[in-house]
Amino acid sequence: MKLLNLPAALLALLPLINPGIALPSNNYTEHLHLRPLPGGSLYAGFSFTSTTPLSSYVANNFRYFPRALAQILQYTHTAELHLRFALGRWDDESWGSRPRDGLREGGNGVELWAWLENGGDGAKVEGEEARAAEERWSDLVNSLSGLFCASLNFVDSGKTIQPVLSFSPEGTLEAGQQTRTNFTGEKQGEKQGELRLLHGMLPHEVVCTENLTPFLKLLPCKGKAGISSLLDGHKLFDANWQTMSVDVLPVCHDGECELEIQQTVDMVLDVERSMRPRESPIPRPLPMEDILCDEDKSYSGHDTCYPKHFDGEMEWSLERIFGRPIRGSCPLSTATSDDFDVTLEVPADRNIQVLAEAAVPQQSPANSLIRHYKLPEGKDFDLFLPQQPQNPSEPQQLPLEQPPLYVSRQMTGYGAERGGMHTLIRNPHPYSQRVVYLESLPWFLRPYMHTLKVSGNGRLKNMYYTPLIDRKRGTQLELLLEIPAESTVELTYDFEKAILRYTEYPPDANRGFDIPAAVVRVLPTQGEEGQGQYLRTTSLLLPLPTPDFSMPYNVIILTSTVIALGFGSVFNLLVRRFVLADEVPVSPLAGLVGRVKERIGELKAKLKGSAEVGEGVERKKAANGGPREAVGDGSVRKKK
Amino acid sequence: MALSTRLLALRRSPVLLKLPPYLSALCIVVGVVWLLLLPLNEYSRSTYISENAILPGQVHTYFGGSEHNIFRAYRQEVWHLSERSDHDRIFGLEHEMRSIGLKAATQEYSWTVAGEEIKGMNVYGLLQGPRADATEAMVLMAAWRNFDGQINYSGVALALSLVRYFKRWSIWSKDIILLITDDSTYGPEAWVSAYHSTSSIATSSRNISALPIKAGALQGAVALDYPAGPWGQRFEKLDVLYDGINGALPNLDLLNTAVSVANSQMGIGCVLHNTVHHFDTYSDRLLTLTKGLLTQSAGHATGPHSAFMPYHVDAVTLRTVGDGWHDEMSLGRATESLVRSLNNLLEHLHQSFFFYILLNTNRFVSIGNYLPAAMIIAGSFTISALALWVQSGKASKGDEQLGKDGKKATEKKMELVSDGDDLALVPKSDLVAAERKIFLPATILLSVHLAGLVPLYLLNNLNRSYLTSAFHFIALATLLLPFYLSLQLSRLPTQQIKILQSFSLLFLGATLSMLATINFSLAFIIGLLCAPLSFLRPLPRLFTTGSLKQERTVDDAQAFVASLVVVLPSAALYFLISPPVVLYVVASGLPGLIDPENWMGLGRLGLDGLLVEMARGWVAQGVWTGLVVWGVWWPAWVVGGAVLGSAVVGIHDNGT
């Protein structure tokens, strides 16, 4: 047995670590980024990072790294893991570009992708390697399903794809690099298993508190202290948009390798809605006194009030939005005094009050929109931003960063047979961009690839397409597109809706079937490092032809069948012309067959010998005569 | 075996051969009586909510209080907008939507029908459900002008203030689309068709721009029609409009929800088809049924909701009627509750009936109970067709007696048939089977059907100024065509005429029974109008002179009068049920007698208006009533006439 089932690639690295240099230590840091967004929303991005040296990982010696997850990763030979839980949608038009370049974001529902080690010690048959990787993948999704209380186990072969262009490893996957150098012709020592990227999506999965709890349990402070104390299921899942991510990746610097786990929670809260008291969450119409009326309207009066739009920023505080203040810093955090825990991004002229029981180190660089705070240990911390009407003379607003692209995807058509997919990709920038467009479609949506059209002046540079296999594999479509500057590219194709077996329908068959979001990766421009930016469309609902599991149609179908049967037989009897059997001309084909048979019989008889010849021919003749008599309707047996 | 031989024996039974016309007549009578029975308690049911998820009226509605003041302000605002130009109005509405916090957009559309342009601009806004995942959406609609052309002041204002109020809720599982269309028919049509298509490819008759903003699959639509002016007007009841294009109906659950929310929760009475005073008597129920039958058979839009039905989006319009004590807030709360119910849906509405006839807001007939009425009528044609087919297969006695040198048949009439030891005497005529020649009848039938496309094309493509005269011309040609055809047909042997009629009736029966499952009302009405066609037989000849040049005797004159007595009424009836004549009658406003005020305003339309409406229906709304009239009814009628007259104007003998 291999030592501890750890990824062989990582094991191979161990001797490389120079014992002379201090081993990378266990680290844990956390950070909260707050930024008010236009339209009365607040973006809150939580990130938690812990690292463990590979040696400890191999030795099963964990300090901050969650053991439960580590064991799964070791068992399934996972080199890099990305897990996303997402709900709602990011509104690019009002909120600008996505946080973290969309790297920590997933399609609606659950999304998972991981680099798994192929089950190979050296050269093996391709199919077998793939099967080993698929088994590991299946182990991985099933274990994660248990760990995160999500239906990840439904990511089966039909929902798994192997993207080529859309994802690249974020960590330093030495194994990948090693094999790549192998391909370039360098001498290889012991060939390690290659890494294989597998990707699955569950668009229908509803992310909820039950997923948050295991997520928090992976954190060292488990939501009791530090910024994670703000994470409350009620608020998180009342957000307009929220995404949770777990990323595990190996990071190597100068031969020192450590395993890093990054957990993030990003959300956009509606400030007004979040601040509603929990006792009366119902948004009843406000009392008349609380409504700002536009007195300039000619008709304005005691019973007529045109609501005035409030331009300024609302007052808010962390406690009112999240229901509780931050319960001090996480004592396990290894952050140095230079690291700040909370970052707030507001216009420089906005008043901010820090409510804390202890002195809070803070920093706000001059003329900067950013303010940093450090959490006091063991003491509550809160930020209060009073209401501030906007000064119309010098409106100071946060600059809104434009997203790299605007993408929207819709389904067109109606009826139960055909449909179409329609994606609009708009590039607002004055330079052209290369994007990878990835779609993973379930097998019951059958795209017609000949109808795939890229209109506008977008150019289709490359395409990776894996056709579907009914009930086994979905379609994987990866397009490398070039989107010219300031233009809109339209991507359309038609598809056919498959008819499922009636046992394959879910209980809510008439709701439709969820189609996972398309992933758009904006590739980094030349000379630019990094992953590029990611965008995801919303998921879609595909109505399939659904048998009516209820009454009325059954009635129609049954009646029609009875009528057809009755009508058919009566009509047949009335209309058919009956003739005597003798009158039916022998069809030329039947005659030919008969003659051939006769010949064969004769030949056989000849071969067998003269003694049986006579009998054999007689029998054949009788047999041939039989059917001829039976031609026509047997019921009429009149003879002249 | 025994059964089939017995059946075989039956088909030679003279009784059975004489039965079909009576059977056909019986079918028609049963069909009509069946329909008349439906309003009885025994044949209809009380409505009920089938989908558990809807929970109608189970939510508290909070729309009220300060929202009322805001509503009044919006109503003033809408009134101010109505004073401005169309362009300013659209952008005013768009601005209003933006300030509520919706993503707003506009859509232009135009159709060219009968040389006239129907154009307008829709404005709509998307309220993204805060926690929704953009897969589903529902529509709250208020047309700027309602179906009668009045400006929908309060409806638009109410929709705006409702959406503003909805914006603060986080419970929406679906996006809400606020749609303010230009008119009540074509605006929604343009919008919903653009919603379901990729891009707009303009044709000569249709130019609809694509929608810049879309949401997920539409789950339902509610339209408000409340044309009270800026100072408001209280209403008595809500008229729930539900008929879609081509007689498609929304799921009964939606209608029931609307009725039960308005009735039980808000105490607003509901009516159907503007039958404001409905006392749930037999006659009232029958009236509602008849109105439903007529609107659905016409298949045209009856309100902004109609356009949604072909796309499998269930929709209703709530229209205020009368003068009572309910105010806009009651309507607002009823709408709020209805939208909340739609929001509760986990699946697309599917539980309840899509095929039903409503007798009252709380009573309906399900498809199993009413469908036989139309099916039996359609069946009457099939029975006649079969009878004619059987007849055509028998060597006609007339042929033999007259055909062979005018002598009575000298050959023996009976023939000895032996089966084993059994012997039987069988009439010889039964044993002789005539060869059926079906090519010519089939060709004639096909060409008549193709000829039906000519009026269909002309009436849907001509300019409005020519439309009426074209219709007069078509009417004239239609009425003359049977004469011409029968002149031509009179050369054919009787057998082929029978086959022709048989085919025609067979096609009619099959088409109508198929149509009955899709649009019961249209199938039933066309079936009734065509009913006499099964009984058409070649009329006796009026003039026996012809080529024989015999002297007229007194007997001839008597026979002439006698045949005239038969010919004239049947010809009159025949022409009365012709498609053009019926259309003339409809245009004259006769159906308006049933509901003088509001039966689609046909009485006011006149012929010109009716034809334009029909053309618009065909071109812009996708109504297929025209196709049924000119492609099913008209050919059947023409062939019937040709058969009817094949002997009257005959020059030659019947059979040659």
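Okay, one convention before anything else: two residues are in contact if their C-beta atoms, placed from the backbone, lie within 7 Å. What you're looking at is a predicted model, where local features need pLDDT of at least 70, side-chain atom pairs count only at pLDDT 80 or more, and totals for chains, interfaces and linings use all residues. Residues are numbered from 1 along each chain as its sequence is written, with chains lettered from A and ligands numbered from 1 in written order.

Let's start in chain B. Helices here are DSSP runs of H or I, at least four residues, and strands are E runs of at least two, numbered from the N terminus. H8(B), residues 282-298, packs on H17(B), residues 520-530, at about 95 degrees, with the axes 7 Å apart. Those axes are lines fitted to C-alpha atoms over the stretch in contact, and angles run from 0 to 180 degrees between N-to-C directions. So the pair is roughly perpendicular, a label for 65 to 115 degrees. From H8(B), B:Leu293, B:Gln296 and B:Ser297 meet B:Ser521, B:Leu522, B:Phe524 and B:Ile525 of H17(B).

Next, H16(B), residues 494-518. Its 25 residues should span 36 Å at 1.5 Å a residue, and the end C-alpha atoms are 36 Å apart, so that agrees; the expected span is 1.5 Å times one less than the residue count. In H16(B), 18 of the 25 residues are buried, meaning 20 or more other C-beta atoms within 10 Å of their own, C-beta atoms being placed from the backbone.

Finally, the partner chain: 56 residues of chain A are in contact with 56 of chain B. On the chain A side, H11(A) gives the most, with 7 residues.

How values were computed: Parallel < 35°, antiparallel > 145°, perpendicular 65-115°, else oblique. Buried ≥ 20, exposed ≤ 12 C-beta atoms within 10 Å, placed from the backbone.
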